[in-house]
Amino acid sequence: MPETHEDAASAPFHESAMRRQFLYDAAVRWTAAAAMLALVAYVMATGPGGALISGLTVFIVAGAWIGMGLISARTLRDLPTITAAIQTDPAAAEAGLGDALRRVPLAAWARVMLYHRLAVLRHRQQRFAEAGRVCAALLGRPMGAARNLRPHLLLMLAEAALESGDVVTAYHALLDLHHTRLSLSEALQRMALQTRYEVAIGRYDAAARDAASKVSLAELLPAAQCGAVHAMLAAAAQHTAQDDLARRLWARVELLCTPQQVDRLKAGGFGVGLVQTTEELTEL
């Protein structure tokens with residue numbers, strides 16, 4: 001099997017291999033289209049006497065296009081199972097992605113969706129450097145019918161960059177997010193990541209600004225993520241001499257988070273998974 005078809009789910013991610021897969025898909029589709037056009041031209045050249053050949057050609061052309069479409073349709077059918085397995089059975093998700101990524105030819109949108117799920121899997125596995133590379137690679141190419149994945153890819157890229165200490169990439173991802181139409185959930189995650197970024201670069205004044213509104217918005221997040229935002233705001237308050245606010249925020253953190261999470265947050269480990277990775281994917 002060509003190198004293009006390597007098991008992209010279990011092997012380390014390489015953007016060059018992903019590009020080859022997209023090119024191979026396109027080459028197969030264009031080659032098939034050219035062959036079909038050649039058959040049609042041949043039939044037209046045979047004149048009225050080639051009725052049987054004409055019928056067979058139409059049948060072959062239609063069957064080939066339907067067959068190629070069914071490969072992508074099968075991938076779309078398998079996607080919910082792979083998505084569910086990311087949370088419940090990562091090994092099964094890995095195997096499912098490997099099988100689906102080896103299919104040829106896939107429509108570009110179908111391959112984008114599979115690589116998006118690979119980024120989600122790596123993100124949940126806390127393999128943030130690799131997750132970030134997958135996200136950046138997808139964001140650098142046209143996504144067509146899968147363009148609704150762009151906000152989620154940017155959110156994952158921003159968090160992966162912060163986890164890797166790459167504040168420059170995080171900055172650019174957040175900047176793109178501020179120019180992207182987001183759902184309420186995505187906007188809340190952006191706010192949390194923006195706060196984490198400001199704390200990471202020492203902009204405590206910016207992080208603590210309008211803390212009351214940020215706390216109100218954070219209450220709409222799940223408990224652990226809500227607690228993380230409170231902890232980041234508490235850290236910013238401490239650095240801006242707002243001790244009473246910091247104490248109130250830490251008290252709220254202790255109500256929202258487990259003791260282990262509280263210890264981690266007090267040690268400055270704000271990466272409790274601010275970005276939702278599986279709960280909303282049925283809509284993507």
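These questions and answers walk through a predicted model of one protein.

Visitor: What percentage of the residues in the protein is buried?
Guide: A residue counts as buried when its relative accessible area is under 20%. The protein has 284 residues. The buried share of them is 47%.

Visitor: Among contacts between residues at least 6 apart in sequence, what share joins residues at least 24 apart?
Guide: A contact here means heavy atoms within 4.5 Å. Take the contacts between residues at least 6 apart in sequence. The share that joins residues at least 24 apart is 67%.

Visitor: Which residues does Leu114 touch, not counting residues up to four places away in sequence?
Guide: Leu114 is one of the core residues that touch the most other members. Leave out residues up to four places away in sequence. The residues that Leu114 touches are then Thr75, Leu79, Ile82, Leu97, Ala100, Leu101 and Leu106.

Visitor: Are α4 and α5 roughly parallel or roughly antiparallel?
Guide: Two packed helices are described by the angle between their axes and the distance between the axes. For α4 and α5 the axes are 8 Å apart, and the angle is about 155 degrees. Angles over 145 degrees count as roughly antiparallel. So α4 and α5 are roughly antiparallel.

Visitor: Which residues of α5 make the contact with α4?
Guide: α4 passes α5 in a left-handed crossing. From α4, the contact uses Val112, Tyr115, His116, Leu118, Ala119, Arg122 and His123. From α5, the residues are Phe128, Glu130, Ala131, Val134, Cys135 and Leu138.

Visitor: How are α8 and α10 oriented to each other?
Guide: Helix α8 spans residues 184-200, and helix α10 spans residues 211-218. Their axes come within 10 Å and cross at roughly 135 degrees. That angle makes the two helices oblique.

Visitor: Which residues of α10 make the contact with α8?
Guide: The crossing of α8 and α10 is left-handed. On the α8 side, the contact is made by Leu188, Met191, Thr195 and Glu198. On the α10 side, the residues are Lys214, Leu217 and Ala218.

Visitor: Which residue does a cis peptide bond join to Val104?
Guide: Most residues other than glycine have a negative phi, and most peptide bonds are trans. At the cis bond, omega is about -5 degrees.

Visitor: Is Arg103 buried or exposed?
Guide: Arg103 is found in the loop between α3 and α4. Arg103 touches Asp25, Ile71, Arg74, Thr75, Asp78 and Arg111, not counting residues up to four places away in sequence. Because its relative accessibility is 9%, Arg103 counts as buried.

Visitor: What is the phi of Gln126?
Guide: Gln126 lies in the loop between α4 and α5 (128-139). At 53% relative accessibility, Gln126 counts as exposed. Gln126 is not a glycine, yet its phi is positive, about 60 degrees.

Visitor: Where is Asp210 found?
Guide: Asp210 is not a glycine, but has a positive phi of about 55 degrees. Asp210 sits in the loop between α9 (204-208) and α10.

Visitor: How far apart in space are Arg247 and Ala234, C-alpha to C-alpha?
Guide: Arg247 is found in helix α12, residues 243-256. At 53% relative accessibility, Arg247 counts as exposed. Arg247 and Ala234 are 13 residues apart in sequence. In space, C-alpha to C-alpha, they are apart by 7.3 Å.

Visitor: How many disulfides are there?
Guide: A disulfide needs two cysteine sulfur atoms within 2.5 Å. The count comes to zero.

Visitor: Which cysteine has the sulfur nearest to that of Cys257?
Guide: Cys257 counts as buried, at 9% relative accessibility. Cys257 is in no disulfide. The nearest cysteine sulfur is 7.9 Å away and belongs to Cys226.

Notes: Residues numbered from 1 in each chain as written. Predicted model: local features only at pLDDT ≥ 70, side-chain atom pairs only at ≥ 80, totals over all residues. Heavy atoms only, no water. Buried < 20%, exposed > 50% of the residue type's maximum accessible area, 1.4 Å probe, protein only. Core = buried A, V, L, I, M, F, W, Y, C linked by side-chain atoms within 4.5 Å. Axes fitted to C-alpha atoms, helices over the stretch in contact; angles between N-to-C directions. Helix = DSSP H or I, 4+ residues; strand = E, 2+ residues; numbered from the N terminus. Parallel < 35°, antiparallel > 145°, perpendicular 65-115°, else oblique. Left-handed = near helix turned anticlockwise from the far one by under 90°.
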